[in-house]
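Please study the sequence and the structure before reading each solution.

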Amino acid sequence: MQLKIYNSLTSEKEIFKPILEGNVGMYVCGPTVYSNVHLGNVRTFLSFDFIYRSLTHLGYKVRYVRNITDAGHLTDDGDVNNDRFVKQTRLEKLEPMEIVQKYTVDFHKVLDMFNLLPPNIEPTATGHIVEQIELTQKLIEKGFAYESNGSVYFDVLEYNRRGLNYGELSKRNIEELFANTRDLDGQGEKKNPPDFALWKKASPAHIMRWNSPWGEGFPGWHLECTAMSTKYLGETFDIHGGGMDLKFPHHECEIAQGKACNDIAPVNYWMHANMLTMNSQRMSKSTGNYILPMQLMTGENDFFEKPFHPSIVRFCFLQAHYRSVLDISNDAMLASEKGFIRLMEAVKVLNSITPNDEKQSDFNLEEWKNKAYDALNDDFNSPVLIAQLFEAVKYIFALNDAKETISTKDLEDLKATLHALIFDVLGLQAIEENNNEKLDQTLQVLIELRNQARKSKNFDLSDQIRDKLLAEGIELKDGRDGTTYVLN
Ligand code: AMP
Ligand code: ZN
């Protein structure tokens with residue numbers, strides 16, 4: 001089985017060939033930490049967590065780098081994110097780095113809740129200003145960038161004049177870009193509208209600012225990712241990921257910067273995760289069409305009829321392929337909850353199955369495993385993988401009803417494969433039962449043991465159980481309908 005990955009650059013599913021056999025370098029654009037991540041952001045990070053887990057499970061040694069965007073950067077509409085930091089600092093009366101810290105901590109907490117593994121390296125943009133200045137200098141030296149009034153811009157026309165094809169990822173041509181780009185962030189400083197900032201001069205009101213050969217300023221957003229990805233993964237690396245909305249201009253500019261700097265394409269496989277929608281519209285803070293993960297967990301929202309556990313949300317997300325749009329709704333969550341409970345029930349039931357080496361089963365375990373792994377190798381097709389898991393679930397319940405059989409060897413194999421796919425690859429977690437429920441179950445076991453001791457006239461033991469529980473504040477009360485307990 002060969003792993004195939006859909007490459008956004010070629011718009012084709014390609015056989016995955018890593019640069020260094022058995023190793024994968026993967027970079028994913030991280031969050032901008034000036035406010036809480038919404039559930040849409042979580043979907044993208046979760047998609048890449050699943051991809052990271054899958055690659056690892058398939059035997060690759062992965063170096064997974066996901067950055068934290070904590071410096072001011074220019075967004076596609078010309079808005080200066082730094083201003084959002086400034087606004088937020090005023091609103092919350094905090095230092096910029098306090099804002100960064102607050103929302104970085106929140107980001108980690110949220111991803112932890114959804115059982116995302118941490119990346120191997122999590123660089124911050126502010127920690128790589130030196131590298132960004134160096135890259136800007138190199139681009140000026142090579143004639144791909146120019147300084148203008150304390151800012152530095154990438155010269156898109158010059159890039160194309162040298163036959164380097166700006167727009168190859170987003171499939172836009174330069175005429176179109178000329179027609180459609182407004183010089184919002186350029187303030188008349190750019191040579192041409194499609195040029196983008198590598199370094200931006202800081203206005204007196206700017207809080208986040210650094211010294212540079214061009215005066216005080218802050219780096220361009222696209223350059224941050226080029227600096228951090230190439231520093232830790234090399235001039236060319238295997239996989240670059242992010243949400244679909246980052247294709248243009250962010251990733252297009254990363255390609256241009258990489259090629260212009262190092263004369264080589266920076267990335268072999270571009271992967272883009274599709275959007276989470278709500279009410280059929282993209283989840284986004286700016287339109288107000290969003291829900292925070294905590295609001296879903298606590299039920300404090302007007303959209304879902306009840307709270308949902310993060311494991312259910314994770315399962316729901318993975319029931320859609322990472323390249324498909326997913327519309328989150330109350331019904332979708334309820335259906336996922338049902339499916340998740342059945343899947344976990346099957347895992348439990350499997351532990352109590354007794355193998356039978358005499359009878360041949362109709363279920364072909366090898367064939368089933370191949371289908372499950374084919375799904376994983378087919379551009380990380382989680383919905384098809386989950387459908388295969390439910391084939392196994394059907395079989396497990398048939399085993400439980402004594403309608404099917406399984407050999408000792410197959411039982412071990414099925415248990416190990418299911419565990420690996422459900423817990424390691426999909427990253428699902430069994431929902432911890434309520435502690436009270438657990439306590440109740442334990443006490444029922446003790447009451448039963450005490451009854452048995454009394455029946456066999458072992459009053460010493462039955463009294464010991466009662467007294468020891470009493471010493472722990474649990475009083476047993478024998479009545480006509482049996483024994484109950486009171487917690488004191
Ligand atoms: P940001 O912090 O805005 O840079 O976003 C972090 C990540 O979330 C980026 O990879 C975005 O593409 C992604 N993202 C933003 N909105 C959505 C959405 N509605 N669904 C899925 N991913 C999203
Ligand atoms: Zn990025």
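Contact means heavy atoms within 4.5 Å. The model is predicted.

**Exercise 1.** Identify the residues that Leu39 touches, leaving aside those up to four places away in sequence.

*Solution.* Step 1: with sequence neighbours up to four places away left out, Leu39 touches Phe114, Leu276, Met283, Ile291, Pro293, Leu296, Val313, Phe317 and Ile328.

**Exercise 2.** Determine whether Leu135 is buried or exposed, and find its contacts.

*Solution.* Step 1: Leu135 is located in helix H4 (residues 129-141). Step 2: buried means under 20% relative accessible area. Leu135 has 14% relative accessibility and therefore counts as buried. Step 3: beyond residues up to four places away in sequence, Leu135 touches Leu223, Thr226, Ala227 and Cys261. Step 4: Leu135 and Thr226 are 91 residues apart along the chain, yet their C-alpha atoms are separated by 8.8 Å.

**Exercise 3.** Describe the open sheet formed by four strands.

*Solution.* Step 1: the strand order is E4-E3-E9-E10, with parallel pairing. Step 2: strand E4 (61-66) and strand E10 (267-273) are the edge strands, each pairing on one side only. Step 3: from one strand to the next, the twist averages 20 degrees. Step 4: strand E3 (residues 23-28) pairs with strand E9 (residues 237-243) over three bridges. Tyr27 stands opposite His240 in E9.

Note on methods: Residues numbered from 1 in each chain as written. Chains lettered and ligands numbered in written order. Predicted model: local features only at pLDDT ≥ 70, side-chain atom pairs only at ≥ 80, totals over all residues. Heavy atoms only, no water. Pairing = 2+ DSSP bridges. Helix = DSSP H or I, 4+ residues; strand = E, 2+ residues; numbered from the N terminus. Axes fitted to C-alpha atoms, helices over the stretch in contact; angles between N-to-C directions. Buried < 20%, exposed > 50% of the residue type's maximum accessible area, 1.4 Å probe, protein only.
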